[in-house]
Amino acid sequence: GGGLLVRGLRKRLGGRDVVAGIDLDVAPGELVSLLGPSGCGKTTTLRMVAGFLPVDDGTVAMGGRDVTDTGPERRPSAMVFQNYALWPHMTVTQNVAFPLRTRRVPKQQTAERVRAALELVGLSHHATSKPTAISGGEQQRVALARAVVQEPDVLLLDEPLSNLDAKLRVSVRDEIRRIQQRLGITTVIVTHDQDEALSVSDRIAVMHDGRIEQIAAPAELYARPATEFVASFIGSTSAVGGRFAIGVDSRPGDTVLVRPEQVVLCDDSPLTATVSRVLMRGHFAEVVLRADDDELRAFVSGPPPSVGHAVGVRLGDVLVYREGVLVGGAR
Ligand code: ADP
Ligand code: MG
């Protein structure tokens with residue numbers, strides 16, 4: 001299959017630049033998540049990539065072919081909608097067969113491809129069920145089967161897990177990744193859930209106000225968030241101030257942030273703080289440390305210190321932002 005190339009994508013809706021110039025390269029077989037808060041323009045971007053919404057400006061190319069002025073059914077892409085959009089009066093098989101019927105694929109071939117798609121998502125036993133008779137997770141897999149049965153070069157999924165409960169979300173998530181890797185489909189997943197993006201993606205594009213702030217592999221994004229927005233949106237951070245900031249290489253007006261696992265308790269540090277709270281998180285504890293009016297959060301594995309005790313603190317990697325942009329600290 002081919003890759004996806006998006007250049008200068010723009011959309012103005014309701015008097016506002018909802019998509020304000022998006023560039024995105026997805027390599028053949030790569031999975032990229034479009035991650036950002038609600039309202040930042042993810043769905044609008046995906047709908048333009050799929051061809052359901054005309055672009056105001058910019059281009060979309062799939063497998064090296066410009067498809068900007070092509071309808072969705074003529075693009076080598078398939079989309080899974082947030083609400084699944086299954087036909088309630090049709091069986092699971094009829095739903096999955098639908099896009100092949102509209103393309104006049106011969107009956108015999110349709111039957112074989114639908115059977116294979118249902119087997120791929122583990123739903124062969126529900127072939128004759130109606131969507132209303134199966135669970136939300138199963139409906140999501142029908143929607144996925146209806147997309148992959150088209151043998152698309154590019155698979156587009158809009159918040160595929162948002163209607164599922166927490167436990168199901170993890171299993172369907174792993175299932176989507178397994179199928180995507182097995183078929184080697186170029187994939188874009190839209191999500192507002194950082195855990196989802198971090199766990200399935202080859203790369204993550206973090207969106208904010210209609211723009212991509214950073215696109216990078218999950219580990220890189222976490223370790224070196226390019227902007228203050230990305231740092232606060234992915235993982236957790238504490239603001240480093242007052243006595244905690246002594247010795248940090250920064251200027252007045254900079255924002256200094258630290259990840260909780262980079263806050264280390266050690267007896268021999270000249271920097272001391274008081275333990276103000278301890279929250280058990282399972283295999284580790286989140287410890288809130290206070291020095292005067294400043295607080296830091298630390299992740300501590302092993303026995304946590306007691307509330308009220310003084311402890312030595314050392315900071316590992318910090319993140320220094322000037323005008324919202326990373327200028328130092330991270331290694
Ligand atoms: P996301 O998927 O990231 O939550 P959307 O792309 O759905 O965001 O929407 C981005 C913004 O554009 C939202 O503020 C939304 O209200 C607005 N928007 C979307 N569609 C329209 C429309 N047809 N008319 C006016 N505003 C719209
Ligand atoms: Mg959306």
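Residues 4-234 of this predicted model are 36% helix and 26% strand, where helices are DSSP runs of H or I with at least four residues and strands are runs of E with at least two, numbered from the N terminus. The end C-alpha atoms of this stretch are 25 Å apart. The UniProt annotation "domain: ABC transporter", from an unreviewed entry, covers residues 4-234; UniProt positions are given in the numbering used here, feature names are shortened, and annotations may be inferred rather than shown by experiment.

Residues are numbered from 1 along each chain as its sequence is written, while chains are lettered from A and ligands numbered from 1 in the order in which they are written. In this predicted model local features need pLDDT of at least 70 and side-chain atom pairs count only at pLDDT 80 or more, whereas totals for chains, interfaces and linings use all residues.

**Overall chain**

- The protein chain has eight helices and 19 strands.
- Its C-alpha trace spans about 75 × 45 × 35 Å along the principal axes.
- Of its 331 residues, 37% count as buried; a residue is buried if 20 or more other C-beta atoms lie within 10 Å of its own, exposed if 12 or fewer, and partly exposed in between, with C-beta atoms placed from the backbone.
- Among contacts with a separation of 6 or more, 65% join residues 24 or more positions apart; a contact means C-beta atoms, placed from the backbone, within 7 Å.

**Domains and core**

- The chain is divided into domain 1 (4-225) and domain 2 (236-328), with bounds from an automatic or database domain assignment.
- The centres of domain 1 and domain 2, taken over C-alpha atoms, are separated by 39 Å.
- The largest nonpolar core has 82 residues, and those with the most contacts inside it are Val96, Ala145, Leu156, Val188, Ala205 and Val206. Such a core is a set of buried Ala, Val, Leu, Ile, Met, Phe, Trp, Tyr and Cys residues joined through C-beta atoms within 7 Å.
- Helix H4 (residues 136-148) gives the most to this core, with six residues.
- Both domain 1 (4-225) and domain 2 (236-328) give residues to this core, so it lies between them.
- Leaving aside residues up to four places away in sequence, Ala205 touches Leu24, Val32, Ser33, Leu34, Leu35, Ile212 and Ile215.

**Ligand 1**

- Around ligand 1 are Leu13, Gly14, Val18, Gly36, Ser38, Gly39, Cys40, Gly41, Lys42, Thr43 and Thr44; a residue is near a molecule if its C-beta atom, placed from the backbone, lies within 6 Å of it.
- Helix H1 (residues 42-50) supplies the largest share of this shell, three residues.
- By class, the shell has three nonpolar, seven polar and one charged residues. Ala, Val, Leu, Ile, Met, Phe, Trp, Tyr, Cys and Pro count as nonpolar, Asp, Glu, Lys and Arg as charged, and the others, Gly among them, as polar.

**Loop residues**

- Glu159 lies in the loop between strand S7 (154-158) and helix H5 (166-183). Glu159 is not a glycine, yet has a positive phi of about 45°. Glu159 is buried, with 20 other C-beta atoms within 10 Å.
- Asp209 lies in the loop between strand S9 (203-208) and strand S10 (211-216). Its phi is also positive, near 50°. Asp209 counts as partly exposed, because it has 16 C-beta neighbours inside 10 Å.
- Phe81 lies in the loop between strand S6 (77-80) and helix H2 (92-102), and is partly exposed with 19 other C-beta atoms within 10 Å. Phe81 and Arg314 are 233 residues apart in sequence and 47 Å apart in space, C-alpha to C-alpha.

Conventions. Two residues are in contact if their C-beta atoms, placed from the backbone, lie within 7 Å.
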